[in-house]
Every structure is written in C-alpha cells, then in structure tokens.
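Have the viewer open as you read.

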Amino acid sequence: MEPLLSKPEMKPLPVGRVIVRKHPGPDCPVIIIAVAHLPFASLVLVSRVRLDLAPIPALRLEGRIIEVESGDLHFDEDEAMEYLLTNVPALKKAAARRIYEKVAGWPAGLSLVCMNMKKRPASTDSGRFSSKEIFPYLQHEIFSGMDQELRRVLCVAAFIQPFDMVLLGRFLHAMELDRAGDFLEHSTLVERDDGGEGKGLFRFSSLFGDFLREKAIHILGQGEYDRIHRDAAVFFEKRGEIQRALHHFGALRSWNHVARLVLSIYEDWIEKGRFEELSSCIEMLPRPVLEKHPVLFTVWGLVKLYLGNLEDARDCFSLALEYLGPRETERFKAGSKLCEILLLAGEPEKAEELARRLVSESGFFSRYKAEAMLFHAIALHQMCRFRECGRRWRQVEAIATSRILPIDQAVRCYLITPKAVFYNLERGEFEESEHILDHSIAVFRKKDPEKRLSWALLFKGVLKLEQLQFDKALSWFREAENVSSSQNRYVHAVATAFLAFVFAQTGRLDEAGRWLKRAEQMAGMDPTLWVEVLNAITRAFLCNTALDTRSALRKAWNLSTRRRMIMLQSFVAYTAFQMRGILSDISLVEGYLRKAVATSRRWEVSHREARARLYLLWLRLEAGKDYNAHALSGAMELIAEKGLGFLLVEDSAIDGLKIAEMVLKAGFQQDFLLGLWAAWGDHGSRKLLEMFCDSPDSLRLGMCNVWLRTGFRAAASLLSQQVKRVENPQTSKRLEKMARLLSDLPPEPLYIRLLGSFQVRRGESLIDERAWKRQKARELFKFLSLNAGTTFTQDQLMELFWPDSVASKAKSNLWSTISAVRMALEPFLSPKARSSYIVVRSKTYTLSLPEGSTLDIRLFAQNAEEGFRHLKNGDMARAFLCLQKASDIYREGLLVEDLYADWCAEERERLRLLLARVLRGMSTIYLKRRDHEGALRINERLIALDSWDEEAYFQLMECYVLLGQEAKALEVFRKCRAVLKTELDIEPDERLLALYRRITKRRAAL
C-alpha cells in the first residue's frame, strides 16, 4: 500500500492492482483511500474475508473487481479450476487446466488472466494467453520492490527448479541462501512439495519462472549466466538427471552435447512414453546438427508417429532415409516406419515401391528386412495383387518361425500377427487367424504388455466381429481399451470406436451413445480415419430421421472408399440394411449392398460377399417376391465352399433358419446344411419334424443324425410311428435303431435365470409360462433352483408351501405340483417314467442339473469372486471385466415377481450385499483410472441399492467436485442428510460433513 499512497500522481496499470488484506483491522480507511485513488482501474482484491467497505460494493456491481477469498492466499488445483470456470464460464476444462499449469495457485495471477479473457472472449476457446501480458504487473508489484541481491538469487533459482535448499546452495553464498529462504517461505508465487524422499522441494509457478528467466541475463550478466548453466549441466548429467542437463546444455547452445545425450536416452524415454519431452529436446537442435546425427531424424519420426502426427513423422523418416547411408540398420528401421505411414495414409503404391526397394537393398536376413517384407505384403494386398501378396506372407512367416534369426519371441509374434488380419481374415481362414492371435496374445501378455498386447487384442476383437460373435468382440475390445497406454493412443481410440459400433449393432443404443461420445473426443488420436468412419456408422444407428441416417452413411462410405477401407465399406452396407426401416428407400440399401458385393469379390473376401448377398436375398423375400434360385444357389455355394455357416446361424438381421429351410427343400447343399443344423438347436429340430414326413428317405436319415447330435429326444415318438410306413426294410431298420438311440439320450442342459425375471431354457428351447400349468409349480421349481443339488423331504416342502393345509391335502398338492414341474421340463415324458431333472427318492426331492447347465446366481457369485481375486492381486483390467460381467448378470435382483416370498428373502439379501461389494470394486477401479463419470454411475447405482450407504454418497460428492459440478455435490449431500434423518434419525458422518463444509466455504468465497 505504501508506494500507492506516496505517489498519488501515478497512473493505474491497465492490468489491475492487488490489495492484500489478511484480517479486518484499523487499516480499513487505507483500503478506502486506495480504492478511491484508482477510479479507472480494474481491481483484484485478495482477502481472507469478504469486504463490504465502500466503494467496493459499487465496484462489484460494475464488474470492475474480482475478489479472491482464501484461508492461505494460495489455491490448490481444485480451487483454481473452480475459480477459473466460475469467473469465465465459457472456458473449457482442458483450457482451464493449461492456465492452472502456467499460473499455478497464485490468486492474483488467476484473477488477472480472468480479466484479460473477459476483455478478449475469443481466447476462452483455447485457454491460451501471453505470459508477457502479466510481466508488467510482476515487474511493478513484485520485482521492483526487491534489491539487486534478491533478484540475482531468484534468477539463479529459476534456472535449477525444482530444487531444495541444499541444491540451491551449490550455486549461492550462505548469505544469499538465507535471503532465498525468506522469500520461498512466504511467497504465493512458489509451489512447495514436502514429499519426495522427505525433502522440501521448491519451484516457481511457471509464469513467474518464465519472468525470472527473461530477466536473468540483464540481472546476472552474460558471463555469470553461462557459468551457472554450464555448472548445472555438468552437475545434473553426473547425477543422471538427463532432462535437466539437456535444458542447461540447450540454454548454452551446446548442441553436440544435446545430441549426444538424446541419443543415449531416447530408447528409455520412448519405452516410458515420454514423447513430448523427447520431441522438445530434438526440436531445439539446429538442422546441421540433425544432419550430422541422422539417427535423430528416425527418433523424431518415431515420436511424431506415437503422438499421431503422420505428416511430420513422414517428413522425419524421409529425411532419415536421405541422410543415412545404405545398409545401415537405422535406414531400414526408418524405411519400415515410412512404409507403415504410407499405408496408414492410404497410399499403398508408394508403400509397395519403398518396401520393395528396402527388401532388395538388404543383402542378409534381419528383423528390419522382415518388417519391410511385412509392409510390402500389406501393400500388395491393398493393391489386389494377391498372388505376390501370398508369396510375401509365406516369406515373412518363414523368417518369423526360423530359429536361425537371433530375435526374441515377442518380435517373432510381432512379425506374424498382422497376417492374421491382413491376409488370413480377408481370405476367410478364421481358424488360422485365431491360432496366430491366441499365441501372440499369450506371448505379449508376458513379454510386451505395454505396446503390442493392445494391438493383438484389437485384432482378436475384429476377428470375432467378422464372425458375428458380438459379445466376444465386445470383451476383446474392452480389454484392448483397458490396456492401451500412452504409447498406443491410436489403439485406444479405435477400440473405443469399435465398442460404440458393436453396442449399436446389438441394439444397446444408450451404451453406444456413451462410447460414441468418448470416441469422438479421441478422434484426433487416429490419423488413419478409422475412428471417424466408425463414429459415422455408429451415428447412423443413433439417428432418428432418414435424412440424418443417410447423411451419416454417405460420409462413412465416402471416407472409407477414399482410404480403401474395404472392411468399413462392408460395415456401411450392413448398417444400411439394418436401418432399412428408417431409410425407407430400398433402392439406396440395395445400392450399398451391390457395391459391397462387387468390392468384396474384387478383393476376394468371400465372407463379406456372401453376407451382402444374403441381405440382398432377404430384401427380396421381405418385398414378397419369389427368391431367385440362381442367386440363392450362388450364395449357398460360396457359403458351403468357404465354410461360412455362421452367416446363417449368428446373424440376427435375417432368419437364417428360414433361408436354410428353403435351400433344403430346393434340394441342394443338403449335406452342408444338415451338418450346420445343430446350431439352431431345439427350434431347428422342431422345424425338421415338420419336414420329415414329406422328405425322401436319404434326407430323413440325415435329419435323424441331426436329432441325435442335438439330443432331441422328442423325435423318438415320431420315428416310431414312421417306421411302419417306410417301404424300404433297410431304411426302416435304421430308423428304428435311431428311435431307440434317441430314447436313450442324456437329458438336455437347463439354463435357469432367477435374477430379474424368471426364465428357464431346456437346451435351446424356452419353457413357456403356460407350460407350468399352475403358479405353485413355478414357485416350487424356483425354490429347488435356489437350492439346486440340495435334497428336501416331503414334510419340509409341505410345511413351506402348504403350511395351513391338513397333511393329506398338502401331500396331494405336493404330488400334483411335482407332476406339473416334471411335465413343464419334459413335455414328452410319460407319467410313470423317471424324470431327468427332478430326482424323487424315499419321499425326498432334489433338482439335479445335467452337465452343461447354468444357474445365473452361481455365475454371478463366481464372476464376483474371480473379480475380487484379480483386484487383490492388482490386475485391474481383468478384475474390472469380471466385476462388470457379474454386475450385468445381476439385472434387477432375485426373483422380482416374488418380493414378499419368505423362502427367498435370505438369499435375496445375501446376493444384494454381494452386488454392493461388486459395485464398490468397480468404483475403486474407475477412481484409479480417474474416470469420474463411470464412478458416478456406479455410486448412483449403489445408492439406489441402499439409500443409507454413506460411503457411496461421499464418493458421489467427490466425483461431482472433481467434475466441477459442486452444486450437484451439495444436492447429493442434502439428499443424504434427508434420508438419514427420516429413516434413521442420524446426521451424516464426519467425512461427509467435512466435505460439505469445504465446498460451501469455497463457494461462499466466490
């Protein structure tokens, strides 16, 4: 305050003035005088309390004052973020975080930035501001009041931060060190870290550090400036702190030292994902130094590639090829990476030419020659030169499996893994693809979990997606997304986009929307446009109008065509078929499908061609037209030749059984279809029953073999009737033998669902509600299922279900109910025959589940326990997958239609408590990943499960605070307090109250 009052003629600075008031006292009139002398200035008022001294209220109304109230006059990250977002509502969180990293917790600096941004609203988009805008303020309010000695001390400290007093003492005299200690102890421009091996470390806010370094040469002089940097560079290099040494060598412009250090540490830094730091070190080097050490071009290219900047990476690798000599290992390394970039950019011709040149230049087998062959093979495939492509893959596979080449197993798997997707998958060789990927995943889990594992997991998900196994594809994509690190941001982005796409494909549109939002945020990580195309396809599923759907599909088709993404082109056509109801333009759908057929035929991708053909056939059937026999036979010949039966079985977009029935009646591909028929289970077996009587004897025998494979014992009675009508005695004997075999088959497994709505499947057949005949039969079976394998006496069941009936009446009710259960489970069972499921012995009853049966409460418990075990061992990725599976199985709770039944109350409570443990485990994992939105969803579910769960309320409040939504956090607290007061007549625990006070105090300060 003294400089201001002593110089009333001084003009106020346009950037503002700071008044610091620690507590109310006799100096209040001084503040009033200060404000009165600044009628045209914008003010930043930093105080421990809210001041209402005139003319401050008027300045508040005019918007010329920004106030900061803080207990310690220094903001932590959460407080700073909240302050910025409150004062500049248009500011994005990422931009606010960048500002905080620059200004740190200095309230005056944050306030000045807010005022500058209010003057220039366009700057709120990026959060960028010029540090020099605030330098005049620092000069006038802080630096001008220091003596020359303290200025020198701070400039030296700015060179070597972060530092402790011992380190600073290496460059200062004892008296100077005392001066530094006083400043560091009390300044709000200094950040302190009392962790780190018990040492108190200091660093200036980034803004103040930049200011001090700008003033350094003027304060210290050139000679002292160079000496300190030189001493610091040598000191930090000896201590192994290479990054700090690089900073000082760079300040000295000692470029050869910088190049030497970068070459010594780049492999370690790449391994640890320190790409931005490595890139900044190389960027400071002049071009002649880079030309002298051309390996640095390769390193720079790798860094740019990992950061997703294809254009810059391409330039770097091109320069490396220009300056590296022939037959140098680094030349082949740079060339291989350049091939990869050309392929990602959709330029296979240039990639093929470069790869062929690299292969011919190498006179001996090496890893990098094999890598060049690998990219050559992929380029040939994209150019439809399949014969040459096949020869190249055989050469790569021979090198990868050879024991002569001295490379480790992980590198061998790296060389051969792409073949699974870029050759075998396209050729429809799914078994070999699966074998390669399974082996690679097992190796990468042990040898290279950081980089290559996520690639192999992504490829496995793509394989399952092509086989229409959507649940398995989701599982692999989830794991790929989970294990993706900073070193493979592209994989992380593509896996996220695939998750959104698969959820949309399977009709789970809410989840698809959530994943799509995340994928759109990560689209910039993918320079290949895969994410953008997948997002456009997913968006087509989520559109509500034909115009929007058509626009999304057109965008996806154009992008995929431009980049020769034949897989994605097919996905666009499939999506158009699935969205035909909204599009209402069959000609448009047919156009996409016909183009997909032509493209797939050109690239010889049989499974995609066959799938598109089936969709075209189904469109014709839906329109009520007769099927085209030639088209049907052509599609079936392709499916049978390539073994693509899963297209009929797994695809829910068409009725594959109906198509198979048409083909069977038409009389072709009968052997192939009968071999496939078991996949349709009980429903397919019943369809054969309808066709049996009108079929020729040869086909009848094939049908019997299907029934034997599927265990369809219901066909035994039909065969017994038909034996007498068959004229051929040999055929009659064979049918009679098959009827006996069917009668002796083991029982079909039961699939019982007790969580959520009750449901029972016998084999592939759903047991209809009407099959139970009476309500008591359903209840008795539910009770036996809850206790499967446990034996109950007749008296126990009578007491439980008919407690008010006399013994004779209860016994009669029990017998008739057991009979109804038997008939529901086995409708073809004769009254006196022994049941395969209900074991009756000496007036006791037991539910015996055949091999292969499933009971959802057991699956829930097994997945939960497995997840807890992985969580205890620190395997977060597998723990999350298991816990999420358990959570999905639980659904709405145990037997929701029997909420008031006493016989299931205890088990319901046990499972509810187990679910709470599962959700807590998932919340823990979400919080460790800093996925606060995921933790929000889980804790909201916990509160819905138990409205008294104070731990869930606390985590919910914390998540809202970290997301910058403190109003919602307070709303959660009020809800918690109301529930606890109403139902238990208690107050929330101390942790909740402390968090509530902290939020309200901070909001009051604003």
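Arg-608 counts as buried, because its relative accessibility is 2%, under the 20% cut-off. Keep in mind that this model is predicted. The partner of Arg-608 is Glu-426, and the closest N and O atoms of this salt bridge are 2.6 Å apart. Since Glu-426 belongs to helix 23 (residues 409–427) and Arg-608 to helix 34 (residues 606–622), the pair ties together parts that are 182 residues apart in sequence. Glu-426 is buried too, with 5% relative accessibility.

Glu-622 is partly exposed at 45% relative accessibility, whereas Arg-580, at 17%, counts as buried.

## Other charged contacts

How many salt bridges does the structure hold? The count is 52. Glu-291 is partly exposed at 32% relative accessibility, and Arg-287 is partly exposed at 40%.

Salt bridges can also be linked up. Arg-152, Glu-224, Arg-227 and Asp-231 form a network of them. As background, side chains of opposite charge can pair when their charged atoms come close.

An open sheet is built from 4 strands in the order 8-7-6-12, with mixed pairing. Strand 8 (765–766) and strand 12 (854–855) are at the edges with a single partner strand each, so one side of each has no neighbour in the sheet. Strand 6 (residues 750–753) pairs with strand 12 in the parallel sense over 2 bridges, and Tyr-751 has Thr-854 in strand 12 as its bridge partner.

Strand 6 also runs antiparallel to strand 7, to which 4 bridges join it. In this pairing Ile-752 stands opposite Val-760 of strand 7. The two strands form a hairpin with 5 residues between them, and Gly-756 in the turn has a positive phi of about 85 degrees.

## Strand 7 and its two faces

Which residues of strand 7 lie on its covered face, and which on its uncovered one? In this strand (residues 759–762), Val-760 and Arg-762 are on the covered face, while Gln-759 and Arg-761 are on the uncovered one. In general, the side chains of a regular strand alternate between the two faces of the sheet.

Strand 7 pairs with strand 8 as well, in the antiparallel sense and over 2 bridges. Arg-762, from the covered face, has Ser-765 in strand 8 as its bridge partner. The hairpin of strand 7 and strand 8 has 2 residues between the strands, and Gly-763 takes a positive phi near 65 degrees there.

## A nonpolar surface patch

Trp-948, Leu-984 and Ile-986 make a nonpolar patch of about 250 Å². Trp-948 is found in the loop between helix 49 (932–945) and helix 50 (950–962). With a relative accessibility of 40%, Trp-948 counts as partly exposed.

Terms used: Residues are numbered from 1 along each chain as its sequence is written. This is a predicted model: local features need pLDDT of at least 70, side-chain atom pairs count only at pLDDT 80 or more; totals for chains, interfaces and linings use all residues. Side-chain values use heavy atoms; hydrogens and water are left out. Two strands pair if DSSP finds at least two bridges between them. A salt bridge is a side-chain nitrogen of Lys or Arg within 4 Å of a carboxyl oxygen of Asp or Glu. Buried means under 20% relative accessible area, exposed over 50%, partly exposed in between (1.4 Å probe, protein chains only). Patches are made of residues with over 30% relative accessible area and no salt bridge: like charges are joined within 9 Å, nonpolar side chains (Val, Leu, Ile, Met, Phe, Trp, Tyr) within 5 Å. Accessible areas come from the Shrake-Rupley method with a 1.4 Å probe; for residues, only the protein chains shown count as cover.
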